[in-house]
Amino acid sequence: MSWKPFITALCAAVIALAPAEAALAKVRVVATMTDLAAVAREVGGPDVEVTALSYPTQDPHFVDARPSLVITMNKADLLILAGLQLEIGWLPTLINGARNAGIQPGTPGYFDVSTVVPLKQVPTQAIDRSMGDLHPGGNPHFMADARNGARVAAAIAARLSQLDPEHTAGYRARARALVARCAALSKQQIARYATIPADRRQIVVYHQSLIYLLDWLGLTQVQTLEPKPGIAPSPGHVATVLGLMKKLGVEAIIQEEYRPQNPGRQVAELAGARLVVIPGGPNFDQGQDYLSYVSEVVDAIYPVLKP
């Protein structure tokens, strides 16, 4: 018996199956932060596989560039980052180590989402290290504002469509749905926080990382526990903050869970205020979506400020 007909038929079958297998391949997305990863997962749906390089309990300035992350990035089709030098202390090491030409700066697989949001606290003069950990391009902590989440969702859909045109309709439809939900939540929370009297909308933060959230909710940051960004609280500065809080009747100190809590807890107790610890991002590994995270943040702050 000749094996030639069998081998010919087998090869034909493999060739016929190849397009179907290719169609089943998912776009491999890597995001530096869990909020970006959550948005990408919702927009990408069944057509993407998303990995977050950090955890919500980690300060995004100081993520451990583990070897396992290099392997993840080596296989990535799209890298999504916050930009504005937020990840400068660790992401370049991973990019270089990954040896993946497809996610290098300047390629379609490298997406700095700070380019699609209106930025705050952009320095108007030259900065140096004596001013603390300032970001020369502006404040990179923009994802706690649901309006920016909507902008990022639409932009991620456009970038995924560029990389994977076959699934453009799905990306755009899911992005439109998320944008609509972001808009609804934004409107609801703006109205909700508007009921808080003006004198109760003044708050203290630990680090200059909540300015977008406060702007969205109509709250006013009167002071930070850090004397300068990235500089630990000093006794003299803490005393100044405490005096201001008592003078203005500040009700809350707000900070992310990954920041030191003892200074805020002590100052809040002495000022007769509350320390509100909010998550640093969605619990991505447990499946929390972007708007559930944002809702958790605003729901944690509101009860402390309302009369």
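Visitor: Why is Arg-99 called exposed?
Guide: Arg-99 has a relative accessibility of 75%, and the scale used here takes under 20% relative accessible area as buried, over 50% as exposed and the range in between as partly exposed, with a 1.4 Å probe and protein chains only. Since 75% lies over the 50% limit, Arg-99 counts as exposed. This is a predicted model, in which local features need pLDDT of at least 70 and side-chain atom pairs count only at pLDDT 80 or more, whereas totals for chains, interfaces and linings use all residues. Residues are numbered from 1 along each chain as its sequence is written, and side-chain values use heavy atoms, with hydrogens and water left out.

Visitor: What makes the backbone of Arg-99 worth a remark, and where does this residue lie?
Guide: Arg-99 has a positive phi of about 50 degrees although it is not a glycine. Most residues other than glycine have a negative phi. Arg-99 lies in the loop between α4 and β4 (110–112), where helices (H or I, at least four residues) and strands (E, at least two) are DSSP runs numbered from the N terminus.

Visitor: Why does Gln-85 fall into a class of its own name, neither buried nor exposed?
Guide: The relative accessibility of Gln-85 is 41%, so this residue counts as partly exposed. Gln-85 is likewise not a glycine, yet has a positive phi of about 65 degrees, and its place is the loop between β3 and α4 (91–98).

Visitor: Is Asn-96 buried or exposed, and what decides this?
Guide: Asn-96 has a relative accessible area of 57%, and therefore is exposed.

Visitor: Is Ala-157 buried or exposed, and which residues does it touch?
Guide: Ala-157, which belongs to helix α5, has a relative accessible area of 3% and is therefore buried. If residues up to four places away in sequence are not counted, Ala-157 touches Val-43, Tyr-171, Arg-172 and Ala-175, where contact means heavy atoms within 4.5 Å.

Visitor: What makes helix α2 a mostly covered helix?
Guide: Helix α2 (residues 34–44) has 11 residues, and nine of them are buried; among them are Thr-34, Asp-35, Leu-36 and Val-43. The buried residues of α2 pack against β1 (27–31), β2 (48–52), β3 (78–81), α5 (146–163), α6 (168–193) and α10 (290–305). Just after α2, Gly-45 takes a positive phi of about 60 degrees.

Visitor: How many cavities are there, and what makes a space count as one?
Guide: On a 1 Å grid over the protein atoms alone, a cavity is a set of points where a 1.4 Å probe fits but cannot get out. Grid points are joined across faces, edges and corners, and a volume is the space filled by probe spheres set on the points. By this rule there is one cavity of 30 Å³ or more, and the largest cavity has a volume of about 280 Å³. It is lined by 25 residues, of which Asp-35, His-141, Tyr-258, Gly-280 and Tyr-293 are the closest to its centre, a lining residue being one with an atom within 4 Å of a point. Helix α2 gives the most to this lining, with three residues.

Visitor: Which strands pair with β7?
Guide: β5 and β7 (residues 252–256) pair in the parallel sense over three bridges, and Val-205 stands opposite Ile-254 in β7. β7 also pairs with β8 (residues 274–278), in the parallel sense over five bridges. From β7 the chain crosses through helix α9 (residues 262–271) to β8, and this β-α-β crossover is right-handed.

Terms used
Two strands pair if DSSP finds at least two bridges between them. On a 1 Å grid over the protein atoms alone, a cavity is a set of points where a 1.4 Å probe fits but cannot get out, and a pocket is an open set with protein on both sides within 12 Å along at least five of seven lines; lining residues have an atom within 4 Å of a point. A crossover is right-handed if, with the strands pointing away from the viewer, the path from the first strand over the helix to the second runs clockwise.
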